[in-house]
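Have the sequence and the 3D view ready as you read.

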Amino acid sequence: MKAKQSEILETIKSKNLNYQQKHHILANIAERIVDPMEVLHYTTEEMQTIENSMICDLNEGYGVYRPRYIVPDYAVFSEKGCKYLELEPPTDIDELLDGLLILYSHVPSITSFPVFVGQLDQLIEPFITNEDEDYIKIKRFLNHIDKTVPDSFCHGNIGPKATRAGALILKAVMALKNPTPNLTIKYNQDITEREFARLAVKAALLAAKPSFSNDLGYIKDVGEHGIVSCYNALPIGGGAYTLLRLRLGTIAKSCDSREGLIKEALPYLSKTMFSMMDKRIQFIVEESNFFESSFLEKEGFINSENFTAMFAIVGLAEAVNHILEIENKDEKFGQSDDGDKIAHEILSTLEQAVNNHKAPYCERTNNHYLLHAQVGASLSQADKENTPAHRIPVGDEPILPLHLTQSAQFHQYFPSGVGDLFAFDQTYLNNLDAVVDIIEGAFNQGYRYITTYLQDSDLIRVTGYLVKRSEVEKARANEVVLRNTAMLGMGTDDNANVFNRRTRT
Amino acid sequence: MYLTEGQERKSMEIQEITLPVNEIIPFSNVDGRGNRTSIFVQGCNLNCVYCHNPETIKLPCEETQETNYTIKELLSIIKKYGPYIRGITVSGGEATLYSTYLTQLFGEVKKLGLTCYIDTNGLFNLEKMEALIPITDKFLFDIKGINNLEKVTRKKQVNSFDNLEYLLKLNKVEEVRTVCINEYIDLESTVKEVSMRLRKYDDVIYKLIRVHHRGLTLNQKELVQGFVPSTKEMVHLENLAKSIGVKNVMSIF
């Protein structure tokens, strides 16, 4: 959305933002104050889809000067060090962790913080010499990230193989209970050892991380990838230029028939969104000089050929519910076979559109954008009417097995990321295998990504990222808080009541 | 091939027999290892003072509220949960009252690649279980106590240690449980007696469950109140079992 000049002074005078947050917001306003029609050559029709909230650009701005998500291959550092930062290749765990922390402060993204901090266990494992001492170092390293990257879209990966480093990371995560970095275990039931899976489940219940990603499924669709930000699967050594999203709920409400939505609205809005994405990418690649000026590109941490972009949706539930209502069916998405059929019709229409569009500078993903189930944002009134991604609204959730089966059928559509989350009760701590069974069952049913946490813990999952309930309460009371995501968490909870997901007992 | 009249009747009976079910819990994490679907049958041969599911005690009659499932019906429900569970556990009530049905059901459930557990109070006639035991993967086995059992179970009976011993030797026991209630039974002797038998079996879990009155009927609460062991007493019992050599002891409060 275009910025107004008044936002500048409002931000400067704010009582509940810290210096760094004001700085980032001011930079974002600058990006949004340049005229998209002039800079990106957006058309009047395109502008209109943003103004009527059908397409959301997530405040990415119009003077785009870096890709939205960057997924550096940090193994390059272990091997070659970094010339630009005058760092030699690390020779011990101290040099490795210190070097990584330095690197992180030079990895940009849409949030200005790194959204990917690497395949941590693989990076650290070769440097483990003394598990007791290394544990303390790893714990300090993770805590350092939490305090200097105060934004839980920052994401690390472990797995699929069990390693000493992986186990130490999980141990530290349980001890720290920090929101950042977010963490995912790439899971493969044939490779990931049971004992390691149980440990990961224990950490997930006690510290709301790691989440579990279906490694085989993502390798098939994206190749070598990192799980970054909320739960996005993107090529390693690359990333995503941009992410725009269709608010399906808002779009459907402008239609008075199923046919109107499928045959007219969706094709028109897809086309509009493709055009906007194309223009953004062309600007980044051809005009912003990002790749020419970045040491990440020069030294091989990233390669512009590994970038793609994400064509995202939110509000599938509301779109389906609107059509059910038009068709006089007294049912709701999540508990309706007809609803599921409508959802497939919507998503396969979009899938086809995405496959028919030739995307510029996206060779890595066969010149196509990747469909994405986007979750978190509370940017406008319209977000209240658009449940995250493909998810079932809080309050309409069926019992767990039926919920899993319902949602599993939609994971196939979203190669760059999709995920469901479930709040469990304390009793699962006594039977970690039960959670492993649920996760493996979900993967066998087509799941790509699943998150669990304990309903009553301070640290909880909002939509893909973590917040502390206590910090959100501070934000509600207008206090200055450390993490940007606490404010987003507050907005998302207000919109979608996500702190009160059905507890699975 | 033609069936004899007797065989034909028997095969029809098998298709038509039903199981009186009080409740099905799709996902349970307390009825054996992993995630399981728990099926609670209606009807029990005991009437324990602290029974947690007293509504399942009465045998099916006009007053009880159960649903009768044919094997086919029950299977279609299990299949729905199948992808996410490791198996089923039949509990109750007393599952072993329905051994003919369960033998048939388990045969079908096994074809789905799932395991079959029985949660039992241990009071069953071994001869009637001849077909069911081999097809059951594991038993969760209650030991009520070694003496004064009539006081706890309010039924005349013989003790179940022989059945436990038999199943232990077959490696069919996953856990043994004793609900700890003071004065009704000699807790210390009970724990000793069970522990002596379990110490040879490293994998078997011994759960010591402190009796509690959450969820009990008013009448039951009166019977139980005042006999709840203290935390100290529970810790003592746990240590006793460990000192005898039981590897997996868990106190549940």
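## Strands and rings

In chain A, strand 12 (residues 420-424) runs parallel to strand 16, and two bridges join them; strands are DSSP runs of E with at least two residues, helices are runs of H or I with at least four residues, both numbered from the N terminus, and two strands pair if DSSP finds at least two bridges between them. Within this pairing, A:A423 lies opposite A:T503 of strand 16.

This is a predicted model, where local features need pLDDT of at least 70 and side-chain atom pairs count only at pLDDT 80 or more, while totals for chains, interfaces and linings use all residues. Residues are numbered from 1 along each chain as written, chains are lettered from A and ligands numbered from 1 in written order, and side-chain values use heavy atoms, leaving out hydrogens and water.

Both strands belong to an open, mixed sheet of seven strands in chain A, ordered 3-4-5-6-13-12-16. Strand 3 (116-119) and strand 16 (503-504) are at its edges with a single partner strand each, so one side of each has no neighbour in the sheet.

Now for the rings. Phe, Tyr and Trp rings (six-membered ring for Trp) pair if their centres lie within 6.5 Å; planes under 30 degrees apart are stacked, over 60 edge-to-face, the rest tilted. Over all chains there are 23 aromatic pairs. Two edge-to-face examples follow.

| Pair | Centre to centre | Angle between planes |
|---|---|---|
| A:Y241 and A:F291 | 6.4 Å | 90° |
| A:Y413 and A:F414 | 6.4 Å | 70° |

A:Y241 and A:F291 are both buried (under 20% relative accessible area, with exposed over 50% and partly exposed in between, 1.4 Å probe, protein chains only). A:Y413 and A:F414 are both buried too.
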